[in-house]
Amino acid sequence: MAHDTHDIHRSRAEFEFIKKKRAAEMRGQLTSFAMMIFLTLIAFTLVAADFSTYLIVPIILLLAAIQVVLQLYHFMHMSNKGHGMMAFFMFSGMFVAFMTIIAMVTIVWW
Amino acid sequence: MDLNKRYTPQTWPDHPETATLEGKNKFVGFWLLLAAETVTFASLFATYLALKDKGPSGMEFSAAGLFELPLVFAMTMILLTSSLTSVYAIYHMKNHNFKAMQAWLGITVLLGLAFLGLEIYEFNHYVHLGFGYTNSAFSSAFYTLVGTHGAHVVFGLSWFIALMIRNAKRGLNMYNAPKFYLAALYWHFIDVVWVFIFTVVYLMGVIG
Amino acid sequence: MSSNSQKKGFGATIWDYLTTVDHKKIAILYLISGGFFFLVGGVEAMLIRIQLMKAGNDFLSAGTYNEVLTMHGTTMIFLAAMPILLAFMNAVSPLQIGARDVAFPFLNSLGFWLFFFGGVFLNLSWFLGGAPDAGWTNYASLALASEGHGIDFYSLGLTISGFGTLIAGINFLVTIINMRAPGMTYMRMPLFTWTTFVASALILLAFPPLTVGIFFMVFDRLFGANFFDVTMGGNTIIWEHFFWIFGHPEVYILVLPAFGIFSEIFAIFSRKRLFGYTALVFATILIGFYGFMVWAHHMFTVGLGPTANAVFALATMIIAVPTGIKIFNWLLTIWGGSISFTVPMIYAVAFIPSFVAGGVTGVMQAIAPLDYQLHDSYFIVAHFHYVIVGGVVLAILAGTHLYWPKMFGTMLSEKLGKWTFWFFFIGFHLTFFIQHFLGLMGMPRRVYTFGADQGWDLFNAISSVGALFMAIGVIILLVNVVMTVAKNERVGNDPWGDGRTLEWAIPSPPPFYNFAQTPLVRGLDPYWIEKMEGNKEGMVYAEPLGDIHMPNGSFIPFVISLGMFIASFGAMYFMDDKAWALPVLIGGLAITFGSMLVRSLKDDLGFHVTKEELIADNERIQREARALEGGKKGGLK
Ligand code: HEM
Ligand SMILES: [Cu+2]
């Protein structure tokens, strides 16, 4: 367990580059945030506007799913490298989650 | 690991959260915990869906009659924004800018407290209407689902505050960087759960 | 700083174990406490068999019978089988991947103490007003109607120990993902490590539904919630779903590590590489996935509707396919091998037909219309004992013999081991084979007695005699353990002589840092490869000798668990309006969270074993090994 980090010494140019890259990434995060807000607004508006239930439910569930993907992949960096195993377990968890929810909305009251 | 080792923005690694084996272990372990939490919340959602609007005969409460969207909308906006502010905090953590990180974390905590305040107000309001925890299967399922999320908010806030105070004097190092990163990850996950709560519980509740 | 060489006083040893974060010592703690609960569960089993020995027996009252039955199942699954398997996982899998410790040594200890206190809490019910009596499945309609605090002991006890298990699962996953030695790719991992990995993944995803279900149970019974109360709009079937969404994966959590142990045994004692290693790995993963899609086969008679029953029946039958693949791979591993019938190997060979029998009855039960006949009869009891005893318990006994030298540095007697085997194996089939027929003749499970006119006397008597045989087998094992400990004949690195994986490349028991130098893995069965190439040093190393970083021991895990234990009493007596209940609840939680806070605020960076200490320690090990060679030869031959 003794493996500490190797010391890093970046050149000026390297450092500036990384800083710029991070700033660009941060702008990307802002865009995702704007999209999340936008999706939320649509969802609330749809409900407030009183469309048919059968129309609204699938749409707002889809919007929620998109928002979650944004959170996971942008805010939580699940797309970055070194996240493969984590993604695998998250998806396995979602699979079990899905089975559980399906069961409870279909067969408990039979 | 040397706690006293000082870093500058130039010597700070790209991914301080996974730069040490300890950090990497925490990081992977935490994601696995989130996978387990996903199943936990799914179980609570599943139960809520099964018990929605179910109660003793003649129960006067229903999701459609109970929930009010303006409050939920405000809570949603607050929590979403706090997710962004925690992204800012981690952005500064990666740039090894401790002061900015603490400041953004502070904002995140304030937003979280605001969210929590509104939630307490909401619960209190329902209880005054007579919709208590033991009122019906519906009320038990509702409070348990949303309350468990609230408990996560409380835990997340305590975690942020503890980290901020504990490290206020000594700044960022390889030992605490993973902790800050994971606390932020946890905060995002809380937001993920809330997205489903406002959609499934409140929005789908209001339309009946 | 722990060192195996120096002698310590009794108090110091106890303190060492209370504070240890060393996976090898935690393994011993798991083995001892799991073994203890195994004996407790065994005594309960004997009580059941005495009661059912003859028609109309009044040895146990109906109510007591329900308690004994419930505690037998709960104890065996949660407090005996799983912990003993966790003992082997702790003892062996970090060594098999060439790691110095697990990923989270502190949490490893916390996981153990949570399990321990949960188990103690559950068993205290016997002395505090009665044990749970709604079956190990604790169906809500029975559980809500149960009087006294038995059910609360069940739910709170399992909550605590369930957290422990979840922590253990996460720990193994991270250890295996992050801490494999250089060259130890996923497809070079020994099968026991693979099954540890998949079983841990199942723990990760199956325990949350159980925890949620149990939480509902606690809240319904103690705090006035209405999840399962039909008059308040609740639904008791929700419990059944949560229980089995957990419950079916749980049976694979048990049986996969058992498969892993047997896979190791077949390879070692056939002196052959596992046949179809890749197929075995993928079958393991596949079983893990299918495990989550079949739970409703426990609920065919609930009335889920024909569609659901058909879907789950089909899914259940499919799961037999990867299991069958494994059976054939094991058979082909033995085929043409140079077999030595040691005690572990005898268990492994006996396991195959026993487990196949359990699998076949499983597929029969998967046929939903047939299950309407079989359900809740002794046929079910026969099925799950064939898979659990014929699979898991045989693996535990085999693993005890196989890994005893690695864990304790001595060998269990082969001769007594064979006596245990024959008593246990014959007793097992005597007890349970006949129960298939009792089931087909209509004898219901979980009923405390039967009438003389029902024609079940003889078969029940035979079944009880079988149970006696198993008990004798276990007693001989205990004698074996005591004698082995008393004799204390030390053995070397590879006492079986044919070890293939990394754990056999280091001393028995290994030094606390496991590997002085991290080994370099050059293929499947890395130690075997080096042996075949005549490597005198034992292994090739991936790093030069240098300082090793190790974690500090800690008493905090014990205190955290103790806090939860105390808090549970407060929660339980809360509904009795006892004035002290709330303070106890709050006090317990304060202990738990307070010690967690201490843990997170205090830096704990561990310590370093220096190169010089390693060299000195290595000299000691060499000296001891030479002494061993000079004196009586350790090991088999
Ligand atoms: C070939 C694979 C298997 C199949 C097809 C199968 C099928 C089934 C079915 C359909 C039942 C429900 C019977 C009923 O209650 O009416 C059942 C019960 C059970 N099985 Fe299996 N099973 C398999 C393997 C296993 C394994 C590997 C284990 C454990 C190691 C196991 C443990 C149990 C237990 C404990 C029960 C009874 C639970 C209870 O009601 O108390 N099974 N099995
Ligand atoms: Cu099953």
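Helices (H or I, at least four residues) and strands (E, at least two) are taken here as DSSP runs, numbered from the N terminus. The model is predicted: local features need pLDDT of at least 70, side-chain atom pairs count only at pLDDT 80 or more, and totals for chains, interfaces and linings use all residues. Residues are numbered from 1 along each chain as its sequence is written, chains are lettered from A and ligands numbered from 1 in the order in which they are written, and side-chain values use heavy atoms, with hydrogens and water left out.

Chain A comes with a database annotation. The unreviewed UniProt entry lists residues 30-49, 55-75 and 87-109 of chain A under "transmembrane region"; such positions are given in the numbering used here, feature names are shortened, and annotations may be inferred rather than shown by experiment. In the model, residues 30-49 of chain A are 95% helix and 0% strand, with 28 Å between the end C-alpha atoms. Residues 87-109 of chain A are 87% helix and 0% strand, and their end C-alpha atoms lie 34 Å apart.

Chain B has 6 helices and 0 strands. Its C-alpha trace spans about 65 × 30 × 25 Å along the principal axes. Of its 208 residues, 65% count as buried, where buried means under 20% relative accessible area, exposed over 50%, and partly exposed in between (1.4 Å probe, protein chains only). A contact means heavy atoms within 4.5 Å. Among the contacts in chain B between residues at least 6 apart in sequence, 80% join residues at least 24 apart. One local feature of chain B is His96(B), a residue other than glycine with a positive phi, near 55°. His96(B) sits in the loop between α3 (69-94) and α4 (98-129) of chain B and is buried, at 16% relative accessible area.

His248(C) belongs to helix α8 (residues 237-270) of chain C, while His298(C) belongs to the loop between α9 (277-290) and α10 (306-334), so the pair ties together parts that are 50 residues apart in sequence. His248(C) is buried at 7% relative accessibility, whereas His298(C) is partly exposed at 23%.

An oxygen atom of ligand 1 lies 3.0 Å from a polar side-chain atom of Trp136(C), and an oxygen atom of ligand 1 is 2.8 Å from a side-chain N or O atom of Arg445(C).

Thr284(C) is placed in helix α9 and is buried, with a relative accessible area of 0%. Its contacts, leaving aside neighbours within four places in sequence, are with Thr195(C), Val198(C), Leu256(C) and Lys326(C). With the side chain of Lys326(C), the side chain of Thr284(C) makes a polar contact at 2.9 Å. A polar contact is a pair of N or O atoms within 3.5 Å; within protein, one must be able to donate a hydrogen and the other to accept it, and residues adjacent in sequence count only if both atoms are side-chain atoms.

Two loops of chain C carry backbone features. Arg271(C), in the loop between α8 and α9, has a positive phi of about 50° although it is not a glycine, and at 31% relative accessibility it is partly exposed. The peptide bond from Ser508(C) to Pro509(C) is cis, with omega near -15°; Pro509(C) lies in the loop between α15 (457-487) and α16 (526-532).
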